[in-house]
Structures are given as C-alpha cells and as structure tokens.
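Good morning, colleagues. Please bring the sequence and the coordinates up on the screen, and I shall then go through the points I have selected.

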Amino acid sequence: MQMMSSERLACGWLHKLLVLLVKLHFAFAEPLQPLNGTGCTAKGPASYILVFTGHWSPQSFPKQYPLFRPPAQWSKLIAASHNRHFRLWEEGSSASPGVQSFAEVGVTVELMKAAKEARKKRTVGVMYRTAGIPNGIGHSSTEMLIVPRNPLLSLMVKMIPSPDWFVGVDSLNLCEGNRWKQEVTVDLQPYDAGTDSGFTFSSPNFPTSPPENITKITSQMPNHPANSFYYPRLKELPPIASIKITRQRRTPDRQTSISNHILPNSINPQRFSATPLDCEVSLWSSWGLCLGPCSRGGVRHRTRYILLRPANAGSPCPELEEQDECVPHNCIKKRQ
C-alpha cells in the first residue's frame, strides 16, 4: 500500500511539472509585451538630432505680419520624452497651468515642475530645450537620447508675438515594434491654447473666461476677418514651422553635440508659395451734403478707407470714393 501511494504521489508531481512546462512554453512563445503600453520592444536607446525650422515669413503669412515691437520670432523649444501615461498638451483638452504660462508669456517653470513630478512616476524620461530664434525664419536644434520605456516625444514652441499661440507635436512615437525610426519630418500648424481671446498677433491681454480647449488655428477658424490667420481663399494654411528628427549613430569617439544651438543659415528653409492677401476696405461712410444748384441737380459724395493693403497678387482695392446725383429735397444751394 505504501508503494502504491508513493507511485501516485510521484505521478501527481510529474503531472504538475508537465503542466508547468507547457505553460512556460506558451508564455515564452508569445512576443514580449512592453510595460510602457507603447508597443516598443527595441533593444537599447536611440540617439536623435531634433531640428526645428521656422517658416513664418511675410510671403507665406502677409496679414498683419509683425515687423517690430517685437518682430516675428520663436521662443525656446521645450520637449519631453515620455510614455502613454503623460501628456504635455493635447488638442481638444484644456491647457494645464504650465501650458497656459508657456503659451501666453513663454515661461517654462510650471511645465518643468509637472515634468519633474512625472519623472518620479517614471512616465517622463528627459526634458529638452533649444535656444529661441530671433526671426520668423530660422533653425534651432537639440540632441536627444530616447529609451524604449519612453519612446514618445511631445514639444511646444511659442509664437512671438501672439496672445497664446504655439506650434508643437503631441505624443509622436519614435519606435515601431522592435525598431527605432530612422527619420521623421512633421509640418507644424499654429494652435490656440484657449486661455486668451486675442484675435491678432499684437492683441492686448484678454483672458478667456471660462478657458476653452486647445484648438488648431486654420485659414477659416476662427471665422473672423480680424484674425491674423484668416485667409478665406486658402483651403489650409501653409506650414508655419516644421521639425526633422534624424537618428544618429552612437560611437565612442563622438564629437561634442550641437544641442541647444541656433543652426547656421546655410541650412536653407523650405520654400512655400506666396499666400495671396486680398485688399480689405471699410464700410461706406454716410452720404455727404448735396452741393450744387437745385435747378440742374447737385452731387453728393461718400468715402471708405483701406483696412488692409493687398499683397502677393491678392485682389486690388476697389474705388474709395463714390458720387451720386442729389435728390432735389436734399439739395442745399451754395451761398453766393
């Protein structure tokens, strides 16, 4: 009886061991699932050069183009590598205090605080910054080291001057499965942070109450002629900026990086066709007094003035003065 019990016990252990081995086989046969939820299973980090290029020119964006106090320019670029549990900003969502502060006045303190807290939770990898660009057209760059745990990239650059407008990318994934992308180029469009209601580049501070969500600015939205980006003849705005992210080979004798530098003008900016800007005129004034002898009929005048001069082969301005014969009961004789 004892021998039979020992045999049964041994068979039981063998059966459990066989089940365990089968489970382990199927577990390791499946592809590894990344812990960050982004699908990145690349082996080791990747080094990239990020180049930001501004295309904000009076040819592409002639309406109310800022020429002085201050002229068109770009703030410092701020970027973060992260995973899906962090968002620097998101279209259709409300701006965080950090995004509001950066979009309105270019201050990064609150954004850096939020990123520091996120790093404690391991949802943010590294924050990067580049120098500002003192013109609408120009380049800046930074070197980045992206790890599989945080393969997403988000960034923002404020437009100066503007109420709360910026360009940027949200959660750009630099990893595809087990491979790092070699090169990524993204054209950028302006966004409204939803915290200031100014319509033009140089609008005074006018807080939006209550704040609205972050929205993309288009050629027809906001749908108001006073808006600096209102170009009703265009289906879409030309890119006002772009980024190019290029993977770099990592070698032991690597030269000093070009991180946080304004690149030389030898890198030619992308050329876009000129945006036509039609003439805009005011409404007609009231008719003036009728002048002339009533026996032969008098003449009255009205005028209007130019609100916006045409540019880049836009529609020319119409007549600014108009006259009409007087109706007799409106006629006033000239004194001799």
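Over residues 26-36 the pLDDT stays under 50, and the model has ten contacts beyond four places in sequence for that stretch. The pLDDT is likewise below 50 over residues 254-259, a stretch with eleven contacts in the model beyond near neighbours in sequence. Where pLDDT is low, the predicted coordinates should not be read in detail. The average pLDDT of the protein is 83, and 78% of the residues score at least 70.

Let me turn to strand β3. How many of its seven residues are buried? Five of the seven, in the run 124-130, are buried, so the strand is largely enclosed by the rest of the structure. Strand β2, residues 73-82, runs antiparallel to β3 and is joined to it by five bridges. Within this pairing, Ile78 has Arg129 of β3 as its bridge partner.

The loop between α3, residues 109-120, and β3 contains Arg122. Arg122 is not a glycine, yet its phi is positive, at about 65°. Ser171 is another non-glycine residue with a positive phi, here about 55°, and Ser171 sits in strand β6, residues 165-173. For context, most residues other than glycine have a negative phi, and most peptide bonds are trans.

One runs from Ser209 to Pro210, with omega near -5°; Pro210 is placed in the loop between β10, residues 191-192, and β11, residues 215-216. Another joins Met221 and Pro222, with omega about 5°, and Pro222 belongs to the loop between β11 and β12, the latter spanning 241-248.

Next, helix α2, residues 97-105. Which residues of this helix are buried? They are Gly98, Val99, Ser101, Phe102 and Ala103. The cover over these buried residues includes β2, α3, β5 and β6. Just after α2 comes Gly106, which takes a positive phi of about 75°.

Ser162 is in the loop between β5, residues 152-160, and β6. Is Ser162 buried or exposed? Its relative accessibility is 10%, and since buried means under 20%, Ser162 counts as buried. Its side chain makes a polar contact of 3.2 Å with the side chain of Lys158. Leaving out residues up to four places away in sequence, Ser162 touches Glu104 and Phe201.

Pro316, by contrast, is exposed, with a relative accessible area of 66%, which is over the 50% that defines the exposed class. Where is Pro316 found? The residue is in the loop between β17, residues 306-308, and β18, residues 321-325. Beyond its neighbours within four places in sequence, Pro316 is in contact with Cys279 and Pro310. The C-alpha atoms of Pro316 and Leu277 are separated by 9.3 Å, these residues being 39 apart along the chain.

Thank you; I am glad to take questions.

How values were computed. Residues numbered from 1 in each chain as written. Predicted model: local features only at pLDDT ≥ 70, side-chain atom pairs only at ≥ 80, totals over all residues. Heavy atoms only, no water. Buried < 20%, exposed > 50% of the residue type's maximum accessible area, 1.4 Å probe, protein only. Helix = DSSP H or I, 4+ residues; strand = E, 2+ residues; numbered from the N terminus. Pairing = 2+ DSSP bridges. Contact = heavy atoms within 4.5 Å. Polar contact = N/O pair within 3.5 Å; in protein donor to acceptor, adjacent residues only side chain to side chain. pLDDT = per-residue confidence, 0-100.
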